[in-house]
Amino acid sequence: MNNYFVILAAGKSKRFDKNIAKQFYNYKNKEIIDHSVKKAVDSKLFKKIIIVSNNINYLKKKKYPKQIKIIKGGKERSDSSLKALNYIKKFKPLNVYIHDAARPNFSIKLLKNISKSLKKIKQ
């Protein structure tokens, strides 16, 4: 299992009509980002989960499992994605899943289906 899950959470949510970035907004009794983190952890598909954010100090105060690493994001989404890929390339990942932190409504079943499809492709 050399899969890595990247959660992009550096956005400023300019179009979101609140005084807080969307990924940190409360949704179903927890911050939106934490829905994605929990699903990634619970899936047991990932060696590491990388959170890319410009709110590193805030996120480091949370009690995330050891498999989660928080790194500094970039100015644009593409910059944050590249920073994550550059960080994990030393681990020689088999697969990298990149997810937008502001999109919490995916399922573990979806992650497992993607994983199965990737295994078929690599055979």
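Please keep in mind that the model is predicted. Its largest nonpolar core has 21 residues, and strand 4 is mostly covered, with five of its six residues buried. Four salt bridges are counted in total.

**Inside the protein**

- The largest nonpolar core contains 21 residues, and those with the most contacts inside it are F5, I7, I33, F46, I51 and Y64.
- Strand 1 (3-9), helix 1 (32-43), strand 4 (48-53), helix 2 (56-60) and strand 5 (68-72) each give two or more residues to this core.
- There is also a second, separate core of eight residues, and I50, V52, I71 and I88 are among them.
- H99 counts as buried because its relative accessibility is 13%, and the limit for buried is under 20%.
- Apart from neighbours within four places in sequence, H99 is in contact with F5, V6, I7, L8, S36 and F106.

**Strands side by side**

- Strand 1 and strand 4 run parallel and are joined by six bridges.
- Strand 4 also runs parallel to strand 5, and five bridges join this pair.
- You can follow the pairing across the strands at S53: this residue is the bridge partner of A9, and the bridge partner of S53 in strand 5 is K72.

**A look at A10**

- A10 lies in the loop between strand 1 and strand 2 (26-27).
- Is A10 buried or exposed? At 16% relative accessibility, A10 counts as buried.
- Setting aside residues up to four places away in sequence, A10 touches Q23, V52, S53, N54, G73, G74 and S80.
- A10 and D100 are 90 residues apart in sequence, while their C-alpha atoms are 9.5 Å apart in space.

**Salt bridges**

- E31 and K62 form a salt bridge, with their closest N and O atoms 2.5 Å apart.
- This pair links distant parts of the chain, since E31 is in strand 3 (residues 30-31) and K62 is in the loop between helix 2 and strand 5, 31 residues apart.
- E31 counts as buried, at 13% relative accessibility.
- E31, K62 and D34 are linked in a network of salt bridges.
- K38 and D42 also meet through their side chains in a salt bridge, at 2.5 Å from N to O.
- Where do K38 and D42 sit relative to each other in helix 1? They are four residues apart, so about one helical turn separates them.
- K38 is partly exposed at 41% relative accessibility, and D42 is partly exposed with a relative accessible area of 35%.
- R77 and D100 form a salt bridge too, with the closest N and O atoms 3.2 Å apart.
- R77 belongs to helix 3 and D100 to strand 6, so this pair links distant parts of the chain, 23 residues apart.
- R77 is exposed, with a relative accessible area of 53%.

**A nonpolar patch on the surface**

- Which residues form a nonpolar patch on the surface? They are L85, V96 and I98, with about 210 Å² of accessible area together.
- L85 is found in helix 3 (residues 77-88).
- L85 is partly exposed, with a relative accessible area of 36%.

Methods: Residues numbered from 1 in each chain as written. Predicted model: local features only at pLDDT ≥ 70, side-chain atom pairs only at ≥ 80, totals over all residues. Heavy atoms only, no water. Core = buried A, V, L, I, M, F, W, Y, C linked by side-chain atoms within 4.5 Å. Buried < 20%, exposed > 50% of the residue type's maximum accessible area, 1.4 Å probe, protein only. Patch = residues over 30% accessible without salt bridge, like charges linked within 9 Å, V, L, I, M, F, W, Y side chains within 5 Å. Areas by Shrake-Rupley, 256 points an atom, 1.4 Å probe, with all protein chains shown as cover. Contact = heavy atoms within 4.5 Å. Pairing = 2+ DSSP bridges.
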